[in-house]
Amino acid sequence: MDFFKVENISKRFGGLTAVDKVSFEVSKGEIFTIIGPNGAGKTTIFNLISLIYPLSGGRIMLDGQDLTGMASHRVGAAGVGRTFQNIELFEHATVLQNLLVGCHTHVRTNLVSEMLFLPGLRRKEVELRERVETVIDFLNLQSVRDSLVNGLPYGVRKVVELGRALCMQPKLLLLDEPSSGLNTEETDDMAFWIHDIRDQLGITVLMVEHDMGLVSRVSDRVLAVAEGRPLALGTPAEVQSHPAVMTAYLGK
Amino acid sequence: MRYIFKTHHRQDLQLFRDGFEASWFLLLGAALLVAPFVLGNYALSLLSFIFIYSIVGFGLMLLTGFTGQMSLGHAAFFAVGAYTEAVLQARGWPFVASAPSAILLAAAAGIVIGLPALRLTGIYLAIATMSFNFIVEEALARWESVTGGNAGMAVPRIKLVTESLPAGVPMYMLCLVCVVAVGLVVRNLLRSPSGRAFIAIRDSEVSAQSMGVNLAYYKTRSFAISAGITGLAGALYAHQIKFLGPDQFTLLVSVEFLMMVVIGGMGSLHGAVLGAVFMIGLPELISRVKVLLPSAIADQTGLNAVVFGVLTVLFVLFEPLGLFGRWVKIRTWFSLFPAYRKGMFKRQKSYAKSERLA
Amino acid sequence: MELVQVAFSGIAIGCIYGLVALGFVLIYKATEVVNFAQGDVMMVGGFVAYTFFSIWHLPFGLAVLATVAVLATCGALFERFVLRHILGQPAFAAVMVTIGTGYALRGLVTMVPGWGTETRLLKMPFSEALLRGGGVSIAMDHIAIIVTTAVLCASLYLLFKKTRVGIAMQAASQNQLAAFYVGIPVQVMHTLIWGIAAGIAAVAGILLAPITFVHNNMGLIALNAFPAAVVGGFGSIPGALVGGLIIGVVESMAGYLLPEGFKAIAPHVVVLLVLIVKPSGIFSAMRRKKV
């Protein structure tokens, strides 16, 4: 139960409290989803966990390590990988380059060896590319490997973003609305991949999602939030039939 | 059409796409090596300037084209390199010692402006670099004891290790060696993790951070390397032009550098070189064409500026990929003939996300 | 009292900075483009006024109006026919277009017969006069600048707050999509704003002419207007003026109190400090990007 723990995290933007004392725990190998109406603070919670926003209160623990107050760029090395709601890929780079940046936490850069492209660096580069190839195989991105991202269709970009997060070899993968903008077929693929990520790669998944079908299919447990506050926690079926949740979505 | 069939990751990493491209570059190298025996002094000096400005282009391209940090202050780094070289050589230092000093001092200047600029983007960064340029220019003009102030200072003939080199061919060779070396270094940087980090910073700072890219570290590094490279160009420039004055390093010069890389083609090293060729070649071309024009359009300086400015605007409007982009399109047309499709390089119009709000 | 005179000349030059910065801010608020050519437009304004007043000998008032009209039209035409094509490209492209245009303008004015590379003198009706009182003598030029700036800003304020067109322009610059939905022709608003900004630059050029004379590098004063806009807060109209006044006074005081050479770099040191400490300036108008 203690793999990933969030204790009473809060975020205040001036007078607005976007997230108010949210707590939950995720076990290793679990697929945990956060649902809630728009503006509920779900993406803010993600931004807090991936340390893009500093916490206004509370603690975050991953695998025994306290992430609270860590610098934003260290969160990758700590084992957190994420995708973004509005795709934040590197538009003017190829898919391969995007995925290689995902491996950045596993490379130590040395200016001199880079400027001269010494054999040690060359070997490391080949190694990285081999690692990226396994991700490309996993997600069937072979056909677009050398294409520039800004010419790719939306569905493919979402997959590339997923691939980039996987290249980080994270312990905890944060997926921000993985099915938004995808058609039924692509959403099916996404569901299979999420399962494979957990089963084959052993990565714990934390998701924000609106598509209830996907949520029920894939999640082990669900947390519902509204207006920054937790409403209900349990299996998908339990949460979906919870009276407070239904009020939040449908109104009284 | 040639299709490059790769069987090993090493092929992805190599310098030239295939043997074909490598042989073109070898041919170019051979031509440049033979040039001193074929061309006159004036043409050689033009080529040397092209090499020098190509080096500046590499530096500026690294920072602006690849890391996305706009700089309107590169003339400051150019100046630091030039004056350092001039002052040290006047004291008897050989090039093998004065040039690295010029590079290091310029890189330090890059860090001086890079560090406070870390949190700045877009227009704020441009303004900060502009102001930095202004301050450096003014400081150089006031520090008369070292730089000779507004009266300027003469630059001694270059001393490589022990002896002064005669002017002309040796200087040309030195510039050639430098431009090739810098080109290789930048190319290597760009195919290594640091280079990818730079591109990541340019395209999406937020996700770059999530991938573990330390923004402060890499931005400062980019500034320092870019400034250092420009400093080396400045050092060579000092010897080539033989006389330095603060008015050679004004904001207008920074603007010209930027216009040069934009016309050449942002985002590619070839663009830097093409931009340099353009910038040196344009006044030459204009002075040859001038004799054909009515004398009403006689003013030399004015005409250069107008053509340069108008061409910048036209390139941005109609050929955003610059001269290199145009070259790639022409080359693709030939290699795909007759299968070239008109919309192949069509830009995806994307409406820029507002800098101000969500 | 020398200090008062120095302060006054600082305020006067600060008004010029404020006017140029105002042009920057107006255009930036509406289109998120920074018009690097604003100083060069000011310079062209100076030259055009010189032509109307000193070459063609039109009465002063008419010359001023004609200059503003000509420049405003040019600004509007520039937006309509050149900048429209930039739509869809990143902001950097628009900046490069303005940089290139400014560069070309500087060369162009040297090629126009009658303008050339020499410095021209634009004699204003009251150029030589001095106002004396309380032991202080202040140049009428400075007073004219301050008064004109105040009048111009008051008129702009009324335009934006009270007229329908002005309110529509404000709407278009705050949220293009919403303005479009309400039926405001956003493209036309942009053209108008560029026209107004060019007109303001023309006025600044005329006001500046007695102080710096008319020559093709006159626009480089605009370099100091950038610090003004930043200090005041780049998206804020009152900020542009306040920033201009601050920079003008700081520059004057630096020239008076500090050793030689500090006067020129004072505005730039100030802006670097502001950028480090509080980049959003006094009347901050920028917010953070949401992911």
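**Entry 1: helix 1 and the sheet of chain A**

I looked up helix 1 (residues 42-49) of chain A in this predicted model and found that helix 1 lies across strand 1, strand 2 and strand 4 (57-62) of chain A, at about 65° to strand 2. Helices (H or I, at least four residues) and strands (E, at least two) are DSSP runs, numbered from the N terminus. Axes are lines fitted to C-alpha atoms, for helices over the stretch in contact, and angles run from 0 to 180 degrees between N-to-C directions. Two residues are in contact if their C-beta atoms, placed from the backbone, lie within 7 Å.

I then traced the open sheet of 4 strands in chain A, which has the order 2-1-4-5 and antiparallel pairing. Strand 2 (16-26) and strand 5 (65-66) of chain A stand at the edges with a single partner strand each, so one side of each is left without a neighbour in the sheet. Strands pair if DSSP finds at least two bridges between them. Between strand 1 (residues 4-13) and strand 2 of chain A, which run antiparallel, I noted 7 bridges. Opposite Arg12(A) stands Thr17(A) of strand 2.

As to conventions, the model is predicted, with pLDDT of at least 70 needed for local features and 80 or more for side-chain atom pairs, while totals for chains, interfaces and linings use all residues. Residues are numbered from 1 along each chain as its sequence is written, and chains are lettered from A and ligands numbered from 1 in the order in which they are written.

**Entry 2: a hairpin in chain A**

I next examined strand 9 (residues 221-226) and strand 10 (residues 229-234) of chain A, which run antiparallel and are joined by 5 bridges. Ala224(A) has Ala232(A) in strand 10 as its bridge partner. This hairpin has 2 residues between the strands, and Glu227(A) takes a positive phi near 50°.

**Entry 3: two helices of chain A**

On the helix 3 side I listed Leu96(A), Leu99(A) and Leu100(A), which meet Leu128(A), Val132(A) and Val135(A) in helix 5 of chain A.

**Entry 4: chain B**

Chain B has 15 helices and 2 strands. Its radius of gyration is 21 Å, in agreement with the value near 21 Å for a compact globule with 358 residues. The radius is taken over C-alpha atoms, and the globule rule is 2.2 Å times the number of residues to the power 0.38. I recorded 46% of the 358 residues in chain B as buried, that is, with 20 or more other C-beta atoms within 10 Å of their own, C-beta atoms being placed from the backbone (12 or fewer is exposed, in between partly exposed).

In chain C I counted 11 helices and 2 strands. The radius of gyration of chain C is 19 Å, close to the 19 Å that the globule rule gives for 291 residues, so chain C is as compact as a globular protein of that length. Of these 291 residues, 53% count as buried.

Beyond its neighbours within four places in sequence, Ile16(C) contacts Ile145(C), Ala204(C), Leu207(C), Leu208(C) and Ile221(C).
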